[in-house]
Amino acid sequence: MSLKKNILELRKRKEKVQLGGGEKAIEKQMAMGKMTARSRIMALLDNESFTEYDLFVEHEGRDFGMDKKELHGDGVIIGTGTIYGAPVGIFAQDFTVAGGSLGLMHARKITKIMDHALKMRMPLIGINDSGGARIQEGVNSLAGYGEIFYRNTIASGVIPQISVILGPCAGGAVYSPALTDFVFVVDQISKMFITGPNVIKTVLGEEISMEELGGARVHAEITGNAHFFANSEMECFEQIKKLISFIPWSNTVRAKVFPPKEPKFKGNIEDIIPSDPKQPYDVRDVIKAIVDDSDFLEIQELFAANIVIGFGRMNGQTTGFVANQPLVLAGVLDCDSSDKAARFIRFCNAFNIPIITLEDMPGYLPGVDQEHAGVIRHGAKVLYAYSEATVPKITVILRKAYGGGYIAMNSRHLGADFMFAWPTAEIAVMGPEGAANIIFKKEIEEAEDPDKMRQIKVQEYVERFANPYVAAAKGYVDSVIEPSETRSLLLHAIEVSSHKDDQRPFKKHGIPPF
Amino acid sequence: MSKQKHELVDFAVTARKYKTKLTKKFINRKFYVDPNPFEIESHIPGTIISLKVKEGDSVKEGKVLLILEAMKMMNKVLMPFDGTIKKILVTEGQRVPKGCIMIELE
């Protein structure tokens with residue numbers, strides 16, 4: 001009898017707390033076009049897989065009349081669940097409770113699920129929707145942020161960490177997503193900035209809307225802070241699920257292996273590439289002609305589109321792809337594309353995912369803005385990341401491989417395990433035009449018809465050097481292959497490197513050019 | 001497809017031109033302009049608190065030209081070399097963006 005009473009009491013308490021900020025606040029949240037924290041978790045996780053922790057936690061605020069206020073769950077929901085059967089730790093800030101503001105207990109809940117996810121070696125997903133620090137709790141809320149950042153850093157490279165920005169995420173709060181591996185944003189809903197439009201206006205006199213300062217599109221296209229851009233929350237959750245299907249649960253296990261599938265692409269892979277080396281093509285078509293089921297999950301699609309990164313599967317095994325994109329800025333490396341590629345390479349290396357590099361690039365982007373923005377230290381990140389990586393590293397040179405770009409894009413010299421080149425590959429210090437101008441400067445200047453002489457000399461250079469055979473003669477390229485052999489050779493390369501053991505000298509950690 | 005073709009432009013990397021698309025960020029990049037030593041620019045956005053010189057003054061190197069308040073700091077803007085104030089383009093109390101030409105010298 002009395003047991004029944006206790007159970008009913010529990011149900012009553014649960015029901016009350018699970019409403020978060022109450023009906024009115026929920027209506028307000030919906031009016032903003034946003035889902036509630038609980039419905040987000042339900043939409044993202046497998047049906048009925050969510051188990052909540054710390055539902056009855058109460059806040060610690062004692063000043064400014066906060067002690068009289070009730071904040072259900074202290075504005076954050078935490079727990080564990082599964083996505084396609086893969087276990088994940090998750091927290092979702094509840095904007096309906098005190099604007100999702102972060103107080104001491106709110107932070108304690110988040111750090112609890114972080115510790116749990118790390119210990120259990122499972123991915124962590126954080127849904128951010130918060131007005132920021134709970135000012136009434138003073139330094140306690142700052143302490144909370146710091147403890148979250150610390151755990152983000154400790155967990156980095158051990159478990160995959162995903163941040164989903166579904167509301168404002170401002171000030172110190174932005175640094176937790178920035179420390180995680182993948183950031184998801186939704187158009188019109190996500191807002192991220194260190195200092196908001198009001199402060200910028202007061203201090204600097206610059207006027208800008210929240211959307212233009214730190215909206216989803218800004219972070220997906222310009223800053224590169226976001227990795228996935230969606231038009232709706234539901235689309236965003238589908239993207240997260242897909243990503244989870246590609247990545248391993250932790251750095252000690254492999255990603256789930258799927259049944260092998262042939263690419264959907266039917267046709268000749270060499271037909272994708274124009275015969276004129278100056279004409280562009282979409283390198284993603286080449287990737288889709290290679291990967292299982294032509295299924296390629298592109299990351300940071302809108303940012304630095306001159307390089308393409310993402311995951312595909314080769315015989316069911318997750319593989320990272322890094323490819324120059326001749327369709328955008330001719331596929332040059334610049335500050336942004338270097339950052340983008342380097343970080344992705346480090347993710348793959350940390351989580352034991354082989355890397356396939358498809359190369360077709362004319363070099364680094366020239367320009368004062370690039371030099372002054374530090375293209376040297378940014379570009380160096382690519383060299384560092386490739387050299388540092390001990391996972392299987394395979395390169396296919398499709399067309400151009402010039403100068404520093406040739407070295408940077410996982411060349412043999414940086415430790416590539418397999419170097420393949422299509423017969424269209426041009427491996428040289430620079431393009432034939434530039435090279436001929438320098439090597440044959442005197443002949444061209446002294447000729448009766450310099451333009452004609454230049455053409456002759458360019459042609460001479462093309463015939464002599466603009467091919468893969470000079471590099472192949474030195475063993476820098478292992479094999480010049482027919483394009484149609486690409487997939488089968490890549491599958492072979494991944495298979496024979498499945499037990500790769502590349503020992504490096506002990507160090508605490510390297511010092512990459514951050 | 002036709003739209004895609006339309007966006008392709010000639011893009012020179014070293015001596016060769018490639019057909020390719022440009023990014024918004026690349027199109028909107030700032031072009032480098034050689035700084036003119038006779039122009040005093042604001043190095044930070046802020047407010048002109050006080051002007052210490054007038055047009056036509058000859059000023060020794062190192063003398064304070066004006067005070068620019070930015071981020072709650074009073075920044076002294078100094079004369080870079082011995083010269084004359086040709087023109088003053090700002091007034092006291094004016095708020096200036098970064099890179100605004102405040103004073104022309106001779």
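Let's start in chain B of this predicted model, with an open sheet of four strands that run in the order β3-β10-β8-β5 and pair in the antiparallel sense. The edges belong to β3 (39-41) and β5 (58-59) of chain B; each has a single partner strand, so one side of each is left without a neighbour in the sheet. Strands of a sheet, after all, pair through backbone hydrogen bonds, either parallel or antiparallel.

Stay with β5(B) for a moment. Its antiparallel pairing with strand β8 (residues 83-88) of chain B runs over two bridges. If you want a spot to look at, find Val59(B), which sits opposite Gly83(B) in β8(B).

Now over to chain A. Of the 514 residues in chain A, 49% are buried. As for contacts in chain A with a separation of 6 or more, 74% of them join residues 24 or more positions apart.

Finally, where do the two chains meet? The contact draws 26 residues from chain A and 22 residues from chain B. On the side of chain A that touches chain B, α7 (197-204), α9 (216-223), α13 (368-372) and α16 (432-439) each supply at least two residues. α16(A) gives the most, with three residues. Sorted by class, that side of chain A has 15 nonpolar, six polar and five charged residues.

How values were computed. Residues numbered from 1 in each chain as written. Chains lettered and ligands numbered in written order. Predicted model: local features only at pLDDT ≥ 70, side-chain atom pairs only at ≥ 80, totals over all residues. Contact = placed C-beta atoms within 7 Å. Nonpolar A, V, L, I, M, F, W, Y, C, P; charged D, E, K, R; others polar. Buried ≥ 20, exposed ≤ 12 C-beta atoms within 10 Å, placed from the backbone. Pairing = 2+ DSSP bridges.
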